[in-house]
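Trainee: I would like to go through the labels used for this model and ask what each one rests on.

Mentor: Then take them one at a time.

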Amino acid sequence: LRESVFDAYQRLRPREYQNVPVRIVNIDEDSLTRLGQWPWSRSRLAELVQRLEAMGAAAIVFDMLFAEPDRTSPSNLLRMWKNAPPAEFWADRLADYDTEFAKAIRDGPTVTGFVLVPTEEPRRPTHPAAFAYIGGDPRPFLPTYRGAVTSMPLIEDAAAGNGALNVGIAAGGVIRRVPLLAVMGDEIYPSLAAEALRVAQSVSTYLIKSAGSGGETSFGGQTGITHVRVGAYAVPTDSRGQVWVYYTAPRTERYVPAWEVFEGDTHAAAIRGAIVLIGSTATGLQDLHASPLGIAVPGVSIHARVIEQIMLGVHLTRPDWAKGAEVLLMLTLSAVVLALGARIGAMWTAVIGSLGIGAAFLASWYAFREHRILLDPLYPAATVLVTYTVFSLIRTLHTEREQRWIRKAFSSYMSPTLVNQ
């Protein structure tokens, strides 16, 4: 219920879109019609990488897996033919699209992806980034997985970065928070958005700051992660290293159709110096997720929105003191209801309680609108309602008990009619 309230706030006041250097090369319906069905050959993807690199992209980020060899590669097709020459005859004569793709990736600032899963898998992702801690080991607080589905080693090892494609799933399947970091085994792995920022800035190390470090209050306890620094950007997170996604309404400026990249340099100015994510909005590829805005959004656009808000420094936060503030408001409003209820009666107490409930929602909305802080109005409001209901019930039972006592006391001396009056 609380997160549904926060969703309503985002629908009422979504983040204003600002033109930052983040673009999505969109494998949309038109691109599939013009360039052929998905999956495209790795040779075509290699050409796409080369074109984006020539346009000056700061990072080229694939929101997709390359877990298996390209079936359209001539070297693989030949294996399906009957009476084909032996492998040593044609190995050096036929193109291998996976090798071409890996070479294109190695020549550019490219980020590949993997999917963390709860089951054990035989291979771990490559680990090009390093991590430094301030304030203690963050691993006990991070989301934990047992395995990962990775891209081919040939492709993954050639990339400058490698990040998790996972997005967080909350109640109702709505994507509200995205983990910047996760743990598999004893190793920390970054998200795709975090790796895109790292590679674009040419930095090698993440800095993870936890409560209890300098400038962070923990009151003697380990309360989890507070910030993750990626190069020039200090990203506030929840205790588990997750970022609240502050959604914008859908904007066409964010997208560059993939087919137009192959046609010419129309979008060269938008791509130059930008973080470019390659993904799909095509309905048939089923990369759609529910959002707080009440609409389905492509997974690649969620990664793009996270990168945008980090670059802009526009974050939704639910600070450590939020729960304490909600409890304090809850106790204050309940005490007011109890104090007034004993003096001014149930009707006026109901009016005061309703005003208190309204004040809780107004304070929560003000914190969101002006400071982008998420404060829960439901606990204080619900507590006022329960307090008033229980208090009214006790007063009603007390009144009924007095009435029964009066009837019993006077029925010995007066007629029943007079007692009723």
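**Labels and their grounds**

Trainee: Why are H3 and H6 called roughly parallel to each other?

Mentor: This is a predicted model, and the label comes from an angle in it. Helix H3 (residues 42–54) and helix H6 (residues 97–106) pack at about 15°, with axes 8 Å apart. Angles under 35 degrees count as roughly parallel, so H3 and H6 are given that label. The crossing of H3 past H6 is left-handed.

Trainee: Which residues make the contact?

Mentor: H3 contributes Arg42, Ser43, Leu45, Ala46, Val49 and Gln50, and H6 contributes Tyr97, Asp98, Glu100, Phe101, Ala104 and Ile105. Sorted by class, the contact of H3 with H6 has 7 nonpolar, 2 polar and 3 charged residues.

Trainee: What makes H8 oblique to H11?

Mentor: The axes of H8 and H11 cross at roughly 50° and come within 9 Å. Roughly parallel needs an angle under 35 degrees and roughly perpendicular needs 65 to 115, so H8 is oblique to H11. H8 passes H11 in a right-handed crossing. The contact consists of Leu192, Ala193, Ala196 and Leu197 from H8 with His303, Val306, Ile307, Ile310 and Met311 from H11. In the contact of H8 with H11 there are 8 nonpolar residues, 1 polar and no charged.

Trainee: How do you know that H11 is largely enclosed by the rest of the structure?

Mentor: Buried means under 20% relative accessible area. Of the 14 residues of H11, 12 are buried, so the helix is largely enclosed. The buried residues of H11 include His303, Val306, Ile307 and Ile310.

Trainee: How does the span of H11 agree with its number of residues?

Mentor: Helix H11 (residues 299–312) should span 20 Å at 1.5 Å a residue, and its end C-alpha atoms are 20 Å apart, which agrees. After H11 comes Gly313, with a positive phi near 70°.

Trainee: What span is expected of H13?

Mentor: At 1.5 Å a residue, 48 Å is expected for the 33 residues of helix H13 (residues 378–410), and the reach from first C-alpha to last is 48 Å.

Trainee: Why does Phe391 count as buried?

Mentor: Phe391 is in helix H13. The relative accessibility of Phe391 is 17%, so this residue counts as buried, the cut-off being under 20%. Pro380, Ala381, Val384, Thr387 and Ser392 are also among the buried residues of H13.

Trainee: Is Ser202 buried or exposed?

Mentor: Ser202 is at 66% relative accessibility and therefore counts as exposed, since exposed means over 50%. Ser202 is in the loop between helix H8 (192–201) and strand E11 (205–210). Phi of Ser202 is positive, about 60°, although Ser202 is not a glycine.

Trainee: Why is Arg372 called partly exposed?

Mentor: The relative accessible area of Arg372 is 29%, so the label is partly exposed; the cut-offs are under 20% for buried and over 50% for exposed. Arg372 lies in the loop between helix H12 (322–371) and H13. Its phi is positive too, near 60°, in a residue other than glycine.

Trainee: Which kind of peptide bond joins Trp38 and Pro39?

Mentor: A cis peptide bond, with omega about 5°. Pro39 is in the loop between helix H2 (29–35) and H3.

Key
Residues are numbered from 1 along each chain as its sequence is written. This is a predicted model: local features need pLDDT of at least 70, side-chain atom pairs count only at pLDDT 80 or more; totals for chains, interfaces and linings use all residues. Side-chain values use heavy atoms; hydrogens and water are left out. Axes are lines fitted to C-alpha atoms, for helices over the stretch in contact, and angles run from 0 to 180 degrees between N-to-C directions. Helices (H or I, at least four residues) and strands (E, at least two) are DSSP runs, numbered from the N terminus. Angles under 35 degrees count as roughly parallel, over 145 as roughly antiparallel, 65 to 115 as roughly perpendicular and the rest as oblique. A crossing is left-handed if the near helix is turned anticlockwise from the far one by less than a right angle, and right-handed if clockwise. Contact means heavy atoms within 4.5 Å. Ala, Val, Leu, Ile, Met, Phe, Trp, Tyr, Cys and Pro count as nonpolar, Asp, Glu, Lys and Arg as charged, and the others, Gly among them, as polar. The expected span of a helix is 1.5 Å times one less than its number of residues. Buried means under 20% relative accessible area, exposed over 50%, partly exposed in between (1.4 Å probe, protein chains only).
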